[in-house]
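Have the sequence and the structure open as you read.

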Amino acid sequence: MLSALKKYFLLIRLYTVINIILISLIPTILFLTEFDVNILRDVAIGILFWTTIILGKEVMHSSTDHREHTNKIIPITLGIILVFCIGLIHTEALIFLFIALITFVCYSLKNKNWLLAPISFIFRGFLEVLILVTILSFYLPILKIFETYWIILLSIFLITCSRNLLGDLRDIEKDKYTLPKRVGVDFTKIVIMFLAIAPILIIRFDILIPIFIVVVLLFTMKNDYLLHKIYVQATGFFVLNIISVFLINNTLLTNAGFFVVLLNNTYEYTPRDITEKSNTKSAIKSNKIHDILNLIINLGFNKRFRMDVKALTIAKKGYNWFAWETLDSIGGRPYLEKGTDLNELSSRLKIKNLNLLEYLLDLLTGEKVLAHREEKYYLIKIPHTLAEAELNYMKKHYPASHKWTFSMVPKAKNTLLTGKTSFNSSFDEEQSAILWDKLMSEAPYSFRKLAIKSFTKLINKNDKILDLGCGTGTSLMNILDEMPIQVNLSGTDPSSKSIRIAKDKIDIRLQKEGNTLKLENLKRAKLFTHNILDKPLNEKYKIIFLSFVINHIPVKKRTLFYKRIYAALEDGGFCVIYQLTHKAKQVRTPMWVMHNVPSQQEFPFLDKYLSELESVFGNVKTSFDGLITISKKDTSFKK
């Protein structure tokens, strides 16, 4: 009995019930000046209306949906009760029940009828508006409702349609005929955006602030389930804003409430499944408010930051396209069209690097190019190639990134088929090292600068700073430019060729530098070849900085690597890392071509990465979903 009740409770979707309650409150807010039993009546009618619809839909879907069968007697009984209740209150309102029945039948054909399924989100939106119209009809004549409150009705309709279309996008792998299946993910997002922002033409801007936040997240957030959850909450706060305007003509408190809920959601989404080796609470901290403010300020006032973000967005799109083009060019398309698992595809295509193949498949699954069901991968859509304008932008502003990418893709394809990396991509090959040096001065610059700025306030005069894995000295020069005081700067790398290039770079800058502080720090700078995994460092440092280093450390040696860094820090020193990570198995960083570089191992998975840092340092702070971490050497931490 309890399990059955729990099942039906989950089916009616508590988050939508809350929205229905809020919508049901609008008429009583409009027409009642004090508490009245009609408030409870209207809310009860709204919930009963919704529950009848949703359970009826489950019955209609029972033959095609993945859910368990629903007892059809329950929605029929609820429907009879609903007709009786509305008939007692206001007979004319029954016409809306009849319209709702027709709309409900159309909506219930979502997974059965190829003609109606693409517009099923419209029927769903109309059903929720019908609930409000039905309750409004208790107070006003039908024509008066649409004459007086058409702005509210239309706004709720458009936003609800937009939210339900996002639900179809979330369920793209399960549904058969919905709009995302027919027109693709990108076009669907555009439709969602236009539906969501259309009410700005007829309603106050401040009322729509939660919806505009969702539109921004639509093009930046990869977790469709979390995004849909946020949109449901935004819809609720949108309705609260409407009520707040009628009551106090102000939305400040309700919008502030939405931002608190939003930050809580994004905080919870940051992986927190940390395996702890002590009885202390997790010391990993993430300041989402600081990250958001940092982004807003830099996007608003820093042209280079805006350019780098645009370049990174284009690069991601390009890597996704090249990932698909690589699989397609070696004959993967026909197998993915009918569905294939990792081992079968590897065998048929004669793949020698299984890890790289899995990387490509997971990357494309996370980008909604492929679907992953029951261990098999299925082709959903062909990704968009780069537009000519995007290619020209990269050629003009980021030439090294453009050249490096186009040289690496065929080499990475060869790695996939032969299992062999290329010495020509090595940091020990001079031309490759120089090209990588130029690339690292381009799009990654802005976020690396944020990482460096994060420790400038942690240092004192004459503190020692080490750029571990400094390569050709790009990040070393960035540190030099950001130092507000005199410091002792060092750089080390296992590659002697890279160190030689870095020394040349310092010599050239010594001749040109006109700033006294920077000149003094340059004179003090030391560079040396060293592999910390082979031998611990002899000196102690206040700051040890790493930029894109962890992916070159063997996975099994990473804990040892962090321990060696810990040992090389002064008491109270900091390890600051700027590092791309995989957020989850199918939320991969797009830099798959790095697997052609001989020293490349694996990009760390964020959960494990943070867990290993915490197990060694005890105190870890993260920014931008783990892109930047600051780990403090805490001698009181019990490992």
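## An aromatic cluster

Start with three phenylalanines: Phe 237, Phe 258 and Phe 259 come together as one aromatic cluster. Keep in mind that this is a predicted model.

Aromatic pairs number 13 in the structure. Take Phe 305 and Phe 447: their ring centres are 5.2 Å apart and the planes sit at 55°, so this pair counts as tilted. It bridges distant parts of the chain, with Phe 305 in helix α14 (residues 303-329) and Phe 447 in helix α21, 142 residues apart.

## Where α21 meets α22

Helix α21 also has a helical partner. The axes of α21 (residues 445-456) and α22 (residues 474-482) come within 10 Å and cross at roughly 50°. That angle is why the two helices, α21 and α22, are called oblique to each other. As for handedness, the α21 and α22 crossing is right-handed.

Which residues of α21 and α22 meet? On the α21 side they are Tyr 445, Arg 448, Lys 449, Ile 452, Lys 453, Phe 455 and Thr 456. Facing them in α22 are Thr 474, Ser 475, Asn 478, Ile 479 and Glu 482.

Key: Residues are numbered from 1 along each chain as its sequence is written. This is a predicted model: local features need pLDDT of at least 70, side-chain atom pairs count only at pLDDT 80 or more; totals for chains, interfaces and linings use all residues. Side-chain values use heavy atoms; hydrogens and water are left out. Axes are lines fitted to C-alpha atoms, for helices over the stretch in contact, and angles run from 0 to 180 degrees between N-to-C directions. Helices (H or I, at least four residues) and strands (E, at least two) are DSSP runs, numbered from the N terminus. Angles under 35 degrees count as roughly parallel, over 145 as roughly antiparallel, 65 to 115 as roughly perpendicular and the rest as oblique. A crossing is left-handed if the near helix is turned anticlockwise from the far one by less than a right angle, and right-handed if clockwise. Contact means heavy atoms within 4.5 Å. Rings of Phe, Tyr and Trp (its six-membered ring) pair if their centres lie within 6.5 Å; planes under 30 degrees apart count as stacked, over 60 as edge-to-face and the rest as tilted.
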